[in-house]
Amino acid sequence: MPTNSTIGFARYQQQDTSGRPTNDLASIILFFSVIFIILLSVVFYLWITRWHKVPAQQRREEQVEDQKEIDQLVQNLKDQVKTIFRIPIVNMIYILFTKKQHQQSHEHRKVYAYKLYHLFSLVCIIVMLVSLVVLIGTVASSSSQFNQGPSSFILQTFLFVFVLCVNLYLITRQRCYYKERKELFGSDDAHMHAVYKTRFKDWDSKMWTNWVQIAILIIEFFQLLVFPLRDLITVNLFNTNGNNDTNDNNNNNNTNEEHGNFFDLVTIVMNAGGFMPDMRTPTWYTYSVWTVFTTSVLGLFIAVTVHCINIWRPYKIPTRWVHWCIPVTTLLYIPVLTTFVSSAACQTLNVPSNEFSDTLRCHSSDISQQLYLWTSLGGYMIAYFLLTIFLTSYERIPKHNEIAFKSISVAFIKNMGKLS
């Protein structure tokens, strides 16, 4: 067994080193139990807010309001997609190289006003493509048994650059979208006004939706706290093990074992509180990656299919059920994206030149390094754009004293959460 002294900050990517026996069947049962608990929580939420002690007339009125909100969501989603994925390159080249700005059309003047957003978006695309090319070349070379170069460091560096540019690209395009909306609606946006009216000192404690919103905030707090806590644990364990190399005695070893058990307990509690459990076994890793990837692709397929059919024949497929997906998407946003990013990061370490590669949670004879790396990156792209655009397109007008957030605030929180 090779030594693991050089693993450093990547220690959290190792398989469980507590000495407890691992059981693949237990991993599978626990994995699907978490999914079942999440689905059961959603059903309870819908029952308590939609059917429990709700008169039939009020239920029908709420269904009408839900449909209006979803229609607005679909329209906002179409506008966002148009802004995010369409960059007026030809018009931008024209206005940048012409000096007759006073003779330009309204469309050209609009492009000129947003030129910095468009230019930065193009820079992000170029850097993404360069990073992707480097990743492809490095992965191909690292699979060779004769390669002993720093392929893992290169993979980690350009993976970070690629993910960062994807985030910055979407943040930039969404900023452009919200600026266009502000110019279009001005200060008459009903969604903004309604959100500003509610304060934490006068929120209605009798509304179930407010308690659900608070529960979601607590869960998201746990989700975001996992990352700095994980780094803190890793630093402490790494420094402690480094001291043991020079001061080898039984007292230090016992203390380190106690610290390790405490850190394991804290990690389990934080992961469970944030709906992000991880047994750090190859079986758990395989099931989590493919489940999240399949769900993301299926979600994209359903969204595109329903939208295309409703364009062909309006309201052929009802869309009121989309309202039920919003709390689920909010809760699973960070766990889904973290699964992809953590998987890709683990695969950048899973190269023959790393002496600790066979101790990683993503290392197994059944796991192809290239397949899982590209699956993770592709899944991240699909899930990040799909979930972020979906959540930030939901702009309902909240009830009196109901806790709610502006869609632009949701976009900021989600994007900053991923950058952290």
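**Where α2 meets α12**

Mentor: Start with α2 and α12: their axes come within 9 Å of each other and cross at roughly 130° (axes are lines fitted to C-alpha atoms, for helices over the stretch in contact, and angles run from 0 to 180 degrees between N-to-C directions). That angle makes α2 oblique to α12 (under 35 degrees would be roughly parallel, over 145 roughly antiparallel, 65 to 115 roughly perpendicular, and the rest is oblique). On the α2 side, L73, L77, Q80, V81, I84 and F85 make the contact, and on the α12 side F385, I389, F390 and T392 do (contact means heavy atoms within 4.5 Å). Sort the residues of the α2 and α12 contact by class and you get eight nonpolar, two polar and no charged (Ala, Val, Leu, Ile, Met, Phe, Trp, Tyr, Cys and Pro count as nonpolar, Asp, Glu, Lys and Arg as charged, and the others, Gly among them, as polar).

Before we move on, keep in mind that this is a predicted model, where local features need pLDDT of at least 70 and side-chain atom pairs count only at pLDDT 80 or more, while totals for chains, interfaces and linings use all residues. Residues are numbered from 1 along each chain as its sequence is written, and side-chain values use heavy atoms, with hydrogens and water left out.

Now stay on α2, which covers residues 56–85, and find Q67 in it. Q67 and P318 sit 251 residues apart in sequence, yet their C-alpha atoms are 9.0 Å apart in space. If you skip neighbours within four places in sequence, Q67 is in contact with Y315, T319 and R320.

Next, look at another helix pair, α10 (residues 282–312) and α11 (residues 322–349), whose axes come within 10 Å and cross at roughly 130°. α10 and α11 are therefore oblique to each other. From α10, Y285, S288, V289, V292, F293 and S296 meet V336, T339, F340, S343 and Q347 of α11. By class, the contact of α10 with α11 holds six nonpolar, five polar and no charged residues.

C346 lies in α11 and C362 in the loop between α11 and α12 (369–392), so the pair ties together parts that are 16 residues apart in sequence. The torsion about the S-S bond of C346 and C362 is about -90°, so this disulfide is left-handed. Both C346 and C362 are buried (under 20% relative accessible area; over 50% is exposed, and in between is partly exposed, with a 1.4 Å probe and protein chains only). A search of the whole structure finds one disulfide.

That loop between α11 and α12 also holds S357. S357 has a relative accessible area of 10%, so it counts as buried. Leaving out residues up to four places away in sequence, S357 touches L349, N350, V351 and H363. S357 and Q13 are 344 residues apart in sequence, with 9.9 Å between their C-alpha atoms.

What about other cysteines? The sulfur of C124 has its closest cysteine sulfur in C165, 5.2 Å away, which is too far for a bond. C124 is buried at 3% relative accessibility, and C176 is buried at 1%. C165 turns up again with I126, which lies in α5 (residues 115–142): I126 and C165 are 39 residues apart along the chain, and their C-alpha atoms are separated by 9.3 Å. I126 is exposed, at a relative accessible area of 53%.

Now step back to the whole protein. There are 13 helices and zero strands (helices are DSSP runs of H or I, at least four residues, and strands are runs of E, at least two, numbered from the N terminus). Of its 420 residues, 39% count as buried. Among contacts between residues at least 6 apart in sequence, 82% join residues at least 24 apart.

Conventions
A disulfide is a pair of cysteine sulfur atoms within 2.5 Å.
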